[in-house]
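Trainee: Could we go through this one together? I would like to take it a piece at a time.

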Amino acid sequence: MNFVGKSIISINDMNKEELDYILVKSKEVKEGKWKNTLSGKIIATLFFEPSTRTRLSFETAILKQNGQIIGFASSDVSSTKKGESLSDSIKNISRYVDAIVMRHPVEGAARRAAEVSNKPIINGGDGANQHPTQTLLDLFTINEVKGHLNNLKIGLMGDLKFGRTIHSLLMALSFYNCEIHFISPELLRVPDYYYDFLKKKNVNFYIHEDFREISKDLDILYCTRIQKERFSDPIEYLKVAGSYKISKEDLKYLGESTYLMHPLPRVDEISPEVDNDRRAIYFDQAENGVYVREALLGLVLGTIK
């Protein structure tokens with residue numbers, strides 16, 4: 001499986017064999033097989049939009065593998081503030097580094113960057129579009145706790161309209177014959193494009209407004225926050241703010257083997273009291289992001305095979 005020089009922009013660009021291969025290599029990284037795979041490599045982390053976990057886990061992955069980092073955590077300190085185009089920024093920076101990790105608020109920005117870069121681009125999230133590395137760590141985590149990815153029942157709950165983690169994940173789950181349960185207010189339902197996508201893939205899916213009616217039957221309940229920053233109208237946001245909250249009391253509605261996931265950050269959709277429940281695995285999920293990103297960087301740079 002050859003990933004050398006390949007940009008990672010969308011889960012839709014990958015096939016099942018590629019996803020499985022990345023998961024195998026991520027497991028090897030977690031087990032300590034690969035060391036110093038980024039020695040002598042310089043990685044740019046370009047975050048035009050705020051990030052905590054994605055940026056810091058990528059930077060941790062780079063440092064753990066003995067790589068070096070340049071970049072920025074805000075567009076305010078980049079030349080875009082002076083009016084430089086994204087294309088020109090990428091053309092310049094790609095001459096300095098071996099790979100670029102980028103997050104941008106505009107959908108399609110990562111694809112555009114890949115078109116003009118002479119080094120691999122890894123999409124750390126582009127607007128409400130895609131977040132492929134989050135999906136890879138989600139798959140890795142699900143596989144770790146369930147032992148496989150096939151024929152699972154997955155609940156996706158919260159902001160399904162703007163949630164790029166949701167959009168990437170449901171595309172990936174389509175390879176594994178999973179049954180998808182969408183749980184959201186009507187205003188935040190997944191865009192019709194994704195329903196059409198699942199129909200074409202012959203994936204069974206169901207639409208709910210209350211997680212309690214289905215949660216005992218799920219293998220995974222994947223929660224997301226309501227993304228205030230994606231709403232152009234504050235009134236529309238207020239209509240759905242706080243739609244779903246899982247408290248310690250709500251844990252009785254989960255099955256004994258229903259694991260609770262969240263890409264983080266959370267606002268108020270999962271109470272901190274839930275954190276100590278063995279089924280709450282969102283912090284394990286965040287940790288797994290480091291191993292997956294170590295693997296992915298090694299693969300695109302040809303140092304992990």
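Trainee: At what angle do the axes of α6 and α7 cross?

Mentor: This is a predicted model, and in it the axes of helix α6 (residues 164-173) and helix α7 (residues 192-200) come within 10 Å and cross at roughly 10 degrees. Since angles under 35 degrees count as roughly parallel, α6 and α7 are therefore roughly parallel to each other.

Trainee: Which residues make the contact?

Mentor: On the α6 side the contact is made by His-167, Leu-170 and Met-171, and on the α7 side by Tyr-193, Tyr-194, Phe-197 and Leu-198. By class, the residues of this contact of α6 with α7 divide into six nonpolar, one polar and no charged.

Trainee: How many residues of α6 are buried?

Mentor: The count is 10 of the 10 residues, so α6 is largely enclosed by the rest of the structure. The buried residues of α6 include Arg-164 and His-167 as well as Leu-169, Leu-170 and Leu-173.

Trainee: What about Ser-174, where does that one lie?

Mentor: Ser-174 lies in the loop between α6 and β6, and at 9% relative accessibility Ser-174 counts as buried, because the cut-off for that term is under 20%. The side chain of Ser-174 reaches the backbone oxygen of Met-171 at 2.5 Å.

Trainee: Switching to the sheets, what is the strand order in the one with β6?

Mentor: Five strands form that open sheet, in the order β7-β6-β5-β8-β9, and the pairing is parallel. The edge strands, each pairing on one side only, are β7 (205-208) and β9 (259-261). Neighbouring strands in this sheet are turned against each other by 20 degrees on average, with direction ignored.

Trainee: How many bridges join β6 to β7, and where does α7 come in?

Mentor: Strand β6 (residues 179-183) is joined to β7 by four bridges, and the two run parallel; the bridge partner of Phe-182 is Ile-207 in β7. Helix α7 lies across β6 and β7, running at about 150 degrees to β7.

Trainee: Which strands make up the four-stranded sheet?

Mentor: That open sheet has the order β2-β1-β3-β4, with parallel pairing, and its edge strands are β2 (68-72) and β4 (121-126), each of which pairs on one side only. The twist from one strand to the next averages 15 degrees. Five bridges join strand β1 (residues 42-47) to β2, the two running parallel, and Leu-46 stands opposite Phe-72 in β2.

Trainee: Which helix lies across β1, β3 and β4?

Mentor: That is helix α3 (residues 86-93), which runs at about 155 degrees to β3 (99-104).

Trainee: Last one: is Glu-269 buried or exposed?

Mentor: Glu-269 is buried, with a relative accessible area of 5%, and its place is in the loop between β9 and α9 (282-300). A polar atom of the Glu-269 side chain lies 3.1 Å from the backbone nitrogen of Val-267. Leaving aside neighbours within four places in sequence, Glu-269 is in contact with Thr-224, Arg-225, Tyr-244, Lys-245, Ile-246 and His-262.

Key
Residues numbered from 1 in each chain as written. Predicted model: local features only at pLDDT ≥ 70, side-chain atom pairs only at ≥ 80, totals over all residues. Heavy atoms only, no water. Axes fitted to C-alpha atoms, helices over the stretch in contact; angles between N-to-C directions. Parallel < 35°, antiparallel > 145°, perpendicular 65-115°, else oblique. Contact = heavy atoms within 4.5 Å. Nonpolar A, V, L, I, M, F, W, Y, C, P; charged D, E, K, R; others polar. Buried < 20%, exposed > 50% of the residue type's maximum accessible area, 1.4 Å probe, protein only. Pairing = 2+ DSSP bridges. Polar contact = N/O pair within 3.5 Å; in protein donor to acceptor, adjacent residues only side chain to side chain.
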